[in-house]
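Trainee: Could you help me learn how to read a structure like this one?
Mentor: Gladly; let us look at the structure together and then take its features in turn.

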Amino acid sequence: MKKMKINKKTKDNIITYGIVLVAYIVMELLINTGHISSLMQGLLVPLCVYVILAVSLNLTVGILGELSLGHAGFMCVGAFTGAFFSKCTQNAIPADLLRFILAIIIGAIAAGIVGFLIGMPVLRLRGDYLAIVTLAFGEIIKNIINVLYVGKDSDGFHFSLKDSLSLGLKEDGEVIINGAQGITGTPKDSTFTIGIILIVLTLIIVLNLIHSRDGRAIMSIRDNLIAAESIGINITKYKLMAFSVSAALAGMAGVLYAHNLNSLMATPKNFGYNMSIMILVFVVLGGIGNIRGSIISAVILTLLPELLRGLSNYRMLIYSVILIVMMLFNWSPKLINLREKYSFKRLFKKTREVQ
Amino acid sequence: MKKFKKGMSLVLVAAMIMLVGCSSSTNTNTSDNSSSNESAEAGTSEAGETSASNGSVFKIGAIGPSTGGAAVYGLAVQNGADLAIKEINAAGGINGTLIEYNFQDDECDNEKSINAYNTLKDWGMQMLVGSTTSGCCIAVAAESANDNLFQITPSGSSVDCINSNDNVYQVCFTDPNQGVGAAQYIGEHAVAQKVAVIYDSSDVYSSGIYEKFVQEAANQPFEIVSAEAFTADNKTDFSVQLQKAKDTGAELVFLPIYYTEASLILTQAAAMDYAPKFFGCDGLDGILNVENFDTALAEGVMLLTPFAADAEDDATKAFVSAYEAAYGDTPNQFAADAYDAVYILKAAIEKSGATPEESVSDLCEKLKGAMAEITVDGLTGEAMSWDADGAVNKAPKAMEIVNGNYSLIQ
């Protein structure tokens with residue numbers, strides 16, 4: 001019998017896209033029929049943000065094989081440039097969607113450029129050293145934004161690193177980035193639909209990159225640097241390519257994040273190393289190099305603390321315990337053996353064999 | 001292994017759908033006012049059903065950080081509001097209607113604060129006391145303005161909390177008010193000629209006060225000789241900032257910061273034999289309760305604060321003893337603000353004659369009308385009244401620490 005042969009990888013990708021689309025359709029149905037709580041509805045955009053972040057970090061950690069702890073820094077760059085652009089052009093471009101799309105593009109490009117610039121010195125390091133340096137860069141980005149004051153008046157833009165008074169704004173001036181107080185009054189343009197479109201876009205970029213010639217070159221660097229170098233692969237080029245694509249995607253997530261909140265501040269909580277580690281946890285729990293796993297773990301770990309709200313202040317404790325249990329269940333070698341012994345597939349097979 | 005992964009991901013997806021399913025099914029009864037696609041009428045009628053189905057109680061929600069670094073403030077708000085609501089319920093409620101109370105944690109994170117707000121909305125909240133911190137309050141205010149839900153923040157002091165949202169009111173002074181007030185006080189009472197400022201540039205509250213203080217100082221007969229910043233990442237060693245203040249000969253150091261850092265500054269200044277006058281805002285309230293801090297060092301510190309736990313008036317005494325009995329802790333200004341916020345809500349409801357059967361939006365309109373008319377005598381100020389923009393009018397109180405106690409400067 002002639003069967004249409006689908007490449008195993010293609011099938012794998014279709015499942016990944018399918019999960020996203022099914023999730024979208026289910027949620028849209030729930031929203032339109034009103035069977036969804038305000039909490040869930042409010043969480044939809046943040047979920048999209050974290051999924052994009054997890055997938056983009058998986059490109060660096062899983063495919064390039066370098067441990068980056070500064071991912072939230074790129075998100076921060078994207079968020080602030082995107083929000084800055086929207087705030088400045090709020091009157092000039094009245095069409096929300098157009099402005100938001102431009103903001104996303106600008107945020108992604110800015111984060112990509114920063115990723116490229118940081119990648120040049122940083123990617124000369126490997127392993128732990130690279131992790132520490134990216135951690136430092138992430139913190140530097142956050143701290144620079146915290147002392148940056150930008151205002152706009154009829155004369156144009158004013159910059160300062162001291163305080164908003166030294167901007168010397170005219171009467172009609174407006175402070176756009178107000179140091180630690182960040183950007184207030186970003187238009188709320190992020191929607192679930194745009195979030196899903198961005199997730200699909202991220203998946204297309206990442207999955208196609210992985211399965212392309214460049215992707216294989218990147219993975220060969222991960223698997224054996226010396227061998228890759230010996231067959232003439234341009235190590236620097238491919239490392240930088242993966243790193244800056246990953247940064248640009250994180251910047252895109254940042255723009256989505258910024259346009260979901262009215263007040264955007266670079267606190268240690270949302271753009272500091274806490275967030276970077278959080279994204280890394282998504283990636284590690286979902287499986288390093290496993291894109292679909294990243295999506296699922298990002299969704300579960302973002303929902304979990306909110307769904308545990310009933311436990312009030314114990315929820316962070318329970319959350320950590322569940323995280324430990326999930327990590328053990330997923331990745332402890334003994335448990336993997338145990339699970340394989342009792343997995344559904346095997347059970348099915350056995351029954352089939354019996355028949 | 002590969003197969004197993006597939007199996008696992010299926011199981012996880014199933015689990016996820018179940019979780020989502022659970023959460024949505026338990027909430028089908030509650031109204032969903034936020035669904036922006038739906039028409040306003042649908043939203044209000046739903047809200048009406050909710051309050052009707054819940055019997056007649058007012059549902060007051062509160063938001064603040066009860067975990068994490070800013071937990072002190074959130075817990076104080078939680079307890080302060082809780083105490084006021086218990087008192088009101090014990091006395092028979094508002095116009096005979098009891099109050100239900102729900103507090104949600106936001107971890108001092110803007111995004112989490114919105115999640116907390118949505119959780120409360122699912123619960124059927126009609127009025128909000130919160131958010132506790134400025135940043136979260138700005139984020140939540142944008143949401144509550146969308147739903148036209150009445151919000152009163154005990155301690156979100158940034159101007160952005162109330163600007164452009166006419167449904168949001170404040171109990172505390174705005175940051176600019178505090179900065180201007182402090183500068184005027186120092187100038188008018190000729191406390192000092194040369195002033196140094198040490199502030200936290202990574203904190204909205206601190207940098208907000210600092211900016212207005214500097215602006216107002218230009219009109220006052222004193223001079224700012226040094227202005228040094230620190231950040232949240234670097235707030236244990238202040239010797240550089242203090243040395244600079246000392247070298248420039250400042251007679252007064254203005255500290256628009258919270259008490260934890262201020263206690264370190266006082267200790268370190270004493271260690272380097274530098275004894276200027278210290279002047280702070282309401283953030284300094286609580287400095288006498290810092291563990292391992294020699295309160296003798298705080299002698300003579302002046303602060304502008306609306307509330308002091310040691311004040312001698314009957315209302316404060318009753319509040320402090322009730323609070324200590326209930327929660328085993330001395331209340332700070334945040335607790336007093338939240339306590340006042342609930343009583344302000346009570347006064348506004350009584351004035352407007354609102355009932356819990358009304359929709360969230362109608363209730364908000366009624367309360368907005370009432371807020372312009374009422375004056376409330378609270379712990380944090382006498383004869384408090386409100387402008388249409390939501391800022392409070394009350395007289396600032398200056399305190400000085402004398403013999404280990406706050407005493408009011410007349």
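**Reading contacts, sheets and helices**

Mentor: Apart from its neighbours within four places in sequence, Gln220(B) is in contact with Ala183(B), Gln184(B), Ile186(B) and Gly187(B), where contact means that the C-beta atoms, placed from the backbone, lie within 7 Å. This is a predicted model, in which local features need pLDDT of at least 70 and side-chain atom pairs count only at pLDDT 80 or more, while totals for chains, interfaces and linings use all residues. Residues are numbered from 1 along each chain as its sequence is written, and chains are lettered from A and ligands numbered from 1 in the order in which they are written.

Trainee: Where in chain B is Gln220(B) found, and is Gln220(B) buried, exposed or partly exposed?

Mentor: A residue is buried if 20 or more other C-beta atoms lie within 10 Å of its own, exposed if 12 or fewer, and partly exposed in between. Gln220(B) has 18 such atoms within 10 Å and is therefore partly exposed. Gln220(B) lies in the loop between helix H7 (204-217) and strand E7 (223-230) of chain B, helices (H or I, at least four residues) and strands (E, at least two) being DSSP runs numbered from the N terminus. From C-alpha to C-alpha, Gln220(B) and Gly187(B) are 5.3 Å apart, although 33 residues separate them in sequence.

Trainee: What is the order of the strands in the open sheet of chain A?

Mentor: Strands pair if DSSP finds at least two bridges between them. The open sheet of three strands in chain A has the order E2-E1-E3, with antiparallel pairing. Strands E2 (156-160) and E3 (174-178) of chain A stand at the edges with a single partner strand each, so one side of each has no neighbour in the sheet. Strand E1 (residues 149-153) of chain A pairs with E3(A) over four bridges, and Tyr149(A) stands opposite Asn178(A) in E3(A).

Trainee: How are two packed helices described?

Mentor: Two packed helices are described by the angle between their axes and the distance between the axes. Axes are lines fitted to C-alpha atoms, for helices over the stretch in contact, and angles run from 0 to 180 degrees between N-to-C directions. In chain A, the axes of helix H2 (residues 38-64) and helix H6 (residues 192-210) come within 8 Å and cross at roughly 10°. H2(A) is therefore roughly parallel to H6(A), a term for angles under 35 degrees.

Note on methods: Two residues are in contact if their C-beta atoms, placed from the backbone, lie within 7 Å. Angles under 35 degrees count as roughly parallel, over 145 as roughly antiparallel, 65 to 115 as roughly perpendicular and the rest as oblique.
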